[in-house]
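The sequence and the structure come next.

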Amino acid sequence: MSEERSFAERLAHLIATVHPPDRKPYSYREIAHGVAEQTGVSMSATHVQQLAVGARKDPKRSHIQALAQFFGVPVTYFFDDEVAGQVDRQVEEVVAWRDSEARNLAQRAMRLSPRDRETVTALLDQLSSYDDTRRRAGRRRKPE
């Protein structure tokens with residue numbers, strides 16, 4: 001990966017690599033919504049896309065800060081080659097660990113009896129359902 005990358009290239013790299021393990025990258029709309037939810041900074045999906053492809057060359061400071069917060073990187077990621085390199089290496093390590101951890105779990109599950117695999121599947125379903133319920137509850141507006 002080139003050390004001297006533009007803001008757009010760095011943002012596009014974050015979009016491609018920083019996302020939950022069980023899904024594809026965030027859409028521009030999801031990023032805009034997440035930025036607004038986490039930081040209160042309003043950005044349209046079109047604006048995020050323009051920043052990521054380089055159509056907008058001079059992002060506002062508030063947008064840079066909000067995007068950094070959304071992706072969990074320091075603001076200097078977008079401007080400092082050394083910081084960007086460190087963050088990119090950390091992200092690569094997490095992705096590699098995540099992939100190997102999932103592979104390890106799958107291999108271990110295959111050594112179980114069919115009945116035990118069904119039990120593990122049921123447990124995973126329950127955990128997923130619990131997580132979904134918590135996530136939905138967190139989105140609800142609190143009574144005023």
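Does Arg115 count as buried or exposed? Arg115 counts as exposed, at 63% relative accessibility. Here buried means under 20% relative accessible area, exposed over 50%, and partly exposed in between (1.4 Å probe, protein chains only).

The model is predicted: local features need pLDDT of at least 70, side-chain atom pairs count only at pLDDT 80 or more, and totals for chains, interfaces and linings use all residues. Residues are numbered from 1 along each chain as its sequence is written, and side-chain values use heavy atoms, with hydrogens and water left out.

Side chains of opposite charge can pair when their charged atoms come close. A salt bridge is a side-chain nitrogen of Lys or Arg within 4 Å of a carboxyl oxygen of Asp or Glu. This rule gives a count of four salt bridges. Among them are these:

| Pair | N to O distance |
|---|---|
| Arg5 and Asp88 | 2.6 Å |
| Arg23 and Glu30 | 2.7 Å |
| Arg115 and Asp116 | 3.8 Å |

Arg5 and Asp88 form a salt bridge. Arg5 lies in the segment before α1 (7-17) and Asp88 in helix α5, so the pair ties together parts that are 83 residues apart in sequence. Helices are DSSP runs (H or I, at least four residues), numbered from the N terminus. Both Arg5 and Asp88 are buried.

Arg23 is partly exposed at 30% relative accessibility, and Glu30 is partly exposed at 33%. Asp116, the partner of Arg115, is partly exposed with a relative accessible area of 31%.

How values were computed
Helix = DSSP H or I, 4+ residues; strand = E, 2+ residues; numbered from the N terminus.
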